[in-house]
Amino acid sequence: MTPVILLAAEKKSAEVTDWAARIGWVVGLVLFVALVYWLMREGWKWRGTLQGDLPELPTRPSPPTTLDRGGEPPLTGMPESPGAAKLTMSGRYHGSTTAGQWLDRIVARGLGTRSRAELTLTDAGLDVVRPGASDFFVPVAALREARLDKGIAGKVLTEGGLLVVTWAHGDKLIDSGFRSDHAAEHTAWVETLNDMISKTETEGAR
């Protein structure tokens, strides 16, 4: 065999070896990604199981949810009409955590699902409508605090880029994070919510 033929044979063998190595790397990477995804999924399910004692989220047929809910009657003890909207917001729901623990994500009852959100604040409370995810309503008596923050449930934004609402559900205090399509609206929401909470607490103390 001439030197030229030998060189060509060696080059061809090297190319085949390179392809085999590349395929091995790709297969290994795919398996690694699949394993990570499976572990995350199992962790999510495990967390949901641990939080299984969280009560069902309250809902009511305020104007944004009547058609979506098929005209269901309000919950027992809640007003038939929520009253006029004080504030409305279009934006995103970024998740909920145990109050004061921004990494302790709550996934039960659909609260772990990030989604678009339409918020309506009335005298009855805060109505959260989420296309493709579970809607929920926070009665005014369950509201505890509103503040500006920058992170929740693994989502970090700019300082003051997140509206965090603290509310009571069952025996648990929950922080829920929202971001308006127009972040300048956050301040008005914090002020209005805290004013409502203060009035409710004052009336309850009488």
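Hello everyone, a word on the basis before we start. This is a predicted model, where local features need pLDDT of at least 70, side-chain atom pairs count only at pLDDT 80 or more, and totals for chains, interfaces and linings use all residues. Residues are numbered from 1 along each chain as its sequence is written, and side-chain values use heavy atoms, with hydrogens and water left out.

Let's begin with the overall layout. The chain has two helices and nine strands; helices (H or I, at least four residues) and strands (E, at least two) are DSSP runs, numbered from the N terminus. Going along from the N terminus, the order is α-β-β-β-β-β-β-β-β-β-α. Of the 206 residues, 34% count as buried. Here buried means under 20% relative accessible area, exposed over 50%, and partly exposed in between, with a 1.4 Å probe and protein chains only.

Seven strands make up an open sheet in the order 4-3-2-1-9-8-5, with antiparallel pairing. Strand 4 and strand 5 (143–149) stand at the edges, each with a single partner strand, so one side of each has no neighbour in the sheet. Two strands count as paired if DSSP finds at least two bridges between them. Strand 2 (residues 115–122) and strand 3 share five bridges, and Leu 119 has Val 128 in strand 3 as its bridge partner.

On to charges, which I know some of you like. The structure holds seven salt bridges, each being a side-chain nitrogen of Lys or Arg within 4 Å of a carboxyl oxygen of Asp or Glu. One of them joins Asp 181 and Arg 116 at 2.9 Å, N to O. That pair links distant parts of the chain, 65 residues apart: Asp 181 is in the loop between strand 9 (172–180) and helix 2, and Arg 116 is in strand 2. Asp 181 is partly exposed at 41% relative accessibility, and Arg 116 is partly exposed at 33%.

Another bridge, Asp 195 to Lys 199, comes in at 3.4 Å, N to O. Both residues lie in helix 2, four residues apart, about one turn of the helix. Lys 150 and Glu 159 also meet in a salt bridge, at 3.9 Å, N to O; Lys 150 is partly exposed at 40%, while Glu 159 is exposed at 62%. There is a network of salt bridges too, linking Arg 147, Asp 149 and Asp 175.

Last stop, helix 2 (residues 186–205), where we find Ala 188. The C-alpha atoms of Ala 188 and Leu 87 are separated by 8.6 Å, although the two are 101 residues apart along the chain.
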